[in-house]
Amino acid sequence: MSRSAAPAPPRPTVAAVVPARNEARTVGAVVYAALDSRLVDEVVVVDNGSADGTAAVAAAHGARVVHEPTPGKGEAMRAGVAATDAGVVVFLDADLVGLRPGHIDELVCAVLSGDADMACGLFDRGPLANRIFLEGLPVLTGQRALPRHLFERLDLGDVRGYRVEAALNSLVARDDLVRCDRVLPGLWHRTKEEKAANPVVGFATKVAMLLSACWSYARFALARRALSPAPASAS
């Protein structure tokens with residue numbers, strides 16, 4: 001008598017978490033793309049103190065909206081994770097242009113299949129620049145899928161502002177986990193300079209973001225060095 005195969009365990013639920021601050025122009029299209037994804041079960045938009053109609057637009061397009069008054073991308077991401085019990089989270093920026101459901105499925109599938117512990121999606125900058133950003137620069141994209149338990153391992157000090165993405169990269173590297181990076185064809189975003197009333201202010205915001213990320217990398221490097229065993233002295 002043959003034994004029937006054991007049923008496959010159910011896949012973890014997947015939530016798309018979209019941190020958003022004053023992104024009424026683009027958040028609706030991001031929500032629609034996430035809702036059309038085959039693998040996303042719910043879409044949570046975190047309104048991070050917007051002064052425009054971001055929350056209303058997100059809700060009208062079908063997202064569940066939660067509010068995080070403390071400013072900062074990391075704080076918004078943490079609020080979004082706390083608002084869902086999904087086992088896998090895919091973070092998406094609210095200012096994306098050209099996002100497609102297939103982009104999201106590609107990132108989520110890499111995690112669900114076990115091919116990666118974290119999957120990151122990069123903007124499509126063209127053949128030459130894509131190679132540079134994939135192979136020569138730190139990956140600080142806001143488009144990434146990962147198990148929620150990985151995000152929850154970050155210290156509160158690392159889930160602040162723009163430190164969070166560098167902190168996730170450092171955590172994955174420290175624990176020898178697998179990260180896959182890929183360019184998402186046709187994906188772009190509204191830049192800080194475009195969104196700011198004064199392009200100089202937008203550029204300054206971008207520089208501050210990069211400095212915050214650099215500090216996060218340095219913080220992890222120092223912590224890792226402190227935990228490393230001292231070399232044995234010669235006898």
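## Nonpolar cores

The largest nonpolar core in this predicted model has 33 residues. V43, V45, V90, L92, L99 and I104 have the most contacts inside this core. Two or more residues come from each of β1 (14–20), α1, β2, β4 (88–91) and α4 (101–112). A second, separate core has 25 residues, including V44, V81, L168 and V183.

I104 is in contact with A33, A34, S37, V40, V90, L92 and L99, leaving aside neighbours within four places in sequence.

## S37

S37 lies in the loop between α1 (27–35) and β2 (42–47). Its relative accessibility is 5%, so S37 counts as buried; the cut-off is under 20%. The S37 side chain reaches the backbone nitrogen of V40 at 3.4 Å. Not counting residues up to four places away in sequence, S37 touches P101, I104 and D105.

## Salt bridges

The whole structure holds twelve salt bridges. One of them pairs E165 with K73, with the closest N and O atoms 2.6 Å apart. E165 lies in helix α7 (residues 163–174) and K73 in helix α3 (residues 73–82), so this pair ties together parts 92 residues apart in sequence. Both E165 and K73 are buried.

R148 forms a salt bridge with E152, the closest N and O atoms being 3.0 Å apart. R148 is buried at 15% relative accessible area, whereas E152 is partly exposed at 48%. D175 forms a salt bridge with R174, at 3.1 Å between the closest N and O atoms. D175 counts as partly exposed at 26% relative accessibility, and R174 counts as partly exposed at 34%. Salt bridges that share partners also join K73, D93 and E165 into one network.

Technical notes:
Residues are numbered from 1 along each chain as its sequence is written. This is a predicted model: local features need pLDDT of at least 70, side-chain atom pairs count only at pLDDT 80 or more; totals for chains, interfaces and linings use all residues. Side-chain values use heavy atoms; hydrogens and water are left out. Helices (H or I, at least four residues) and strands (E, at least two) are DSSP runs, numbered from the N terminus. Buried means under 20% relative accessible area, exposed over 50%, partly exposed in between (1.4 Å probe, protein chains only). A polar contact is a pair of N or O atoms within 3.5 Å; within protein, one must be able to donate a hydrogen and the other to accept it, and residues adjacent in sequence count only if both atoms are side-chain atoms. Contact means heavy atoms within 4.5 Å. A nonpolar core is a set of buried Ala, Val, Leu, Ile, Met, Phe, Trp, Tyr and Cys residues joined through side-chain atoms within 4.5 Å. A salt bridge is a side-chain nitrogen of Lys or Arg within 4 Å of a carboxyl oxygen of Asp or Glu.
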